[in-house]
Amino acid sequence: MEITRLSSLIILSLTILINLTSFVLSQLNELQTLDIYSKISTGTHATSSFSTDFGNLSISSPAAVLYPSSPDDIAMLVRFSYTSMKSFTISPRGAGHSMNGQTFAPDGIVIDMLSLGRGHDDCRVTVSTDGLIPYADVGGEQHWIDVLNATLKHGLMPRVFTDYLYPTVGGTISNAGIGGQAFRNGPQISNVYELDVITGTGEMVTCSRDREPDLFYAALGGLGQFGVITKARIALEPAKKMARWVRLIYTDVELFTRDQEKLISLEKTPAGFDFVEGQVILSEVQVPGIKSSFFSDSDIEKITRLAAGNNGPIYLLEGAAYYDYSSATSVAENVTLLLEELHYESGFAFNRDVPLVDFLDRVHYEETFLRSLGLWLVPHPWLILFVPKSKILDFDSKFFKGTLKDNKAAGLILIYPMNRKKWDDKMSAVIPTEEVFYAVSILWSAVANDIEILENENKKILTICENSKLGCKEYLPHYTNMADWQKHFGNKWSKFVSRKKKFDPKALMSPGQQIFRWVSSSVLQVK
Ligand code: FAD
């Protein structure tokens, strides 16, 4: 075992010991008086299970874990801490797919949100089709795959999905929830009608655009800072059965981005796609990595030859049109017409027809494959940026043709545009000011002992973006000091702080985001 890993483990064990000592001594006696005491575990087995996340870049053990059976259990814990002289921090943890310890609660209690759904046969998803607009009431702990499966029974589905369906509803809507349908339907946070939130004072509040709107807008993209989302009412639309899934290869970034921007301006099928994303493939070395279940071996050979002969990255535009069996022929014809208007490399259009569920759940297939190779739970120093449309070519030349040109690290780079008008500025989520902006997701997998190198690449990108005034905003942001958080939120900062004071005045919630800390009864400080 490497020395650094070993020393991390020793530090972790010591941290657990110190945490337990200080926490248990000061709080456990008092917690014993609560009905939820039997649902709190301070055992090392419990706390160490919550001491890392998908990023696998840092370790921090909570003092204890709450396994709630109901929202009341959560409210009781939060009220206890809020009213205690020795308050402790509390972090709801969904699937733990964060990258940088955003679910950590050092010296505090992590709430295992998944425990809310255990023992509920209905999966805490209730579909309503009574009114004009169908919706689902969904537990904040639910995985999106479970929401999809439950709504499909009614011929319905959520209007926008993240690429991977195993994060929880509370986890993604605490960020935004973006994916290939967001250009048309907005991010997941634009598709929420109502929330149940347990605030940082332990109050259970139902909020919406009309009822307690301040809390509603605060919590959407609120990084868990305003309370625990225990239920979300989310918009649904009719589900189709199949997807015509298209991948087009480009060598010219201007044609690639122009086509992507055209596609996100089109109305629903038959005119356009239901899903638009894209990828950057830095060199031929990365081509085999895009194989997945889509490309055949001969496709991969052909694309590798193109990439090898190209002096620079190649680009992959990904689109999908959803359809039912009855409209298969017309959708195929429409897609053919649509492709005629696009400017990909001749002979480099590939398509497949797949069940819609398989398309939406495609990353799970990758997960299964990577797990079988032991490559899923590796460190993930991811960097996701929202880049204004006017700067995307500059971004491409600075990084994909510049600093990352010879990068051979494992990973995936996604790039696709979205429409700002589909977002709501009252929400906490932060995006660039231009009408169209790109999500650029640099999703490294550190499989070659290269964490430090990749983290340095990310830092370099952030510094260059800053110095060149590219106007980028980080998605799934990770900052550790006030100046950076303030810069990130920009003109939303003062609102964010005032909402924090209102809904979580002791700064108990989601301390792993490292935004606020509470120092005395009257002072709320930024870290
Ligand atoms: P966690 O990591 O458990 O929590 C994240 C934060 O939210 C923490 O601060 C936590 O305290 C807080 N939180 C969790 N639950 C609640 C709750 N119920 N109430 C209040 N606060 C809460 N994101 C996208 O937008 N689009 C993508 O396409 C996408 N693809 C991904 C693919 C993979 C393979 C992975 C690992 C992640 C991807 N993500 C994507 C990122 C993912 O959406 C976020 O990391 C999300 O936060 C994960 O949800 P989670 O349930 O794991 O949250």
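1. T151 counts as buried, because its relative accessibility is 0% (buried means under 20% relative accessible area, exposed over 50% and partly exposed in between, with a 1.4 Å probe and protein chains only). The model is a predicted one, in which local features need pLDDT of at least 70 and side-chain atom pairs count only at pLDDT 80 or more, while totals for chains, interfaces and linings use all residues. Residues are numbered from 1 along each chain as its sequence is written, and side-chain values use heavy atoms, with hydrogens and water left out.

2. T151 belongs to helix α5, residues 144-152 (helices are DSSP runs of H or I with at least four residues, strands are runs of E with at least two, and both are numbered from the N terminus). From there its side chain reaches the backbone oxygen of L148 at 3.0 Å. Leaving aside residues up to four places away in sequence, T151 touches V127, A136, L156, M157, P158 and L236, where contact means heavy atoms within 4.5 Å.

3. Most residues other than glycine have a negative phi. E212, in the loop between β9 (204-208) and α8 (213-219), has a positive phi near 45 degrees, and at 45% relative accessibility it counts as partly exposed. A507 also has a positive phi, near 50 degrees; this residue sits in the loop between α17 (493-503) and β19 (516-520), and at 8% relative accessibility it counts as buried.

4. The second largest pocket holds about 1,100 Å³ of space, and of the 42 residues that line it, L385, L462, E474, H478 and Y479 are the closest to its centre. On a 1 Å grid over the protein atoms alone, a pocket is an open set of points where a 1.4 Å probe fits, with protein on both sides within 12 Å along at least five of seven lines, and lining residues have an atom within 4 Å of a point. Grid points are joined across faces, edges and corners, and the volume is the space filled by probe spheres set on them.

5. The second largest pocket lies between domain 1 (2-113 + 500-526) and domain 3 (242-475), because both give residues to its lining; the domain bounds come from an automatic or database domain assignment. At least two lining residues come from each of β15 (383-388), α15 (451-467), β18 (473-475) and α16 (482-489), and α15 gives the largest share, 7 residues.

Definitions and conventions
A polar contact is a pair of N or O atoms within 3.5 Å; within protein, one must be able to donate a hydrogen and the other to accept it, and residues adjacent in sequence count only if both atoms are side-chain atoms.
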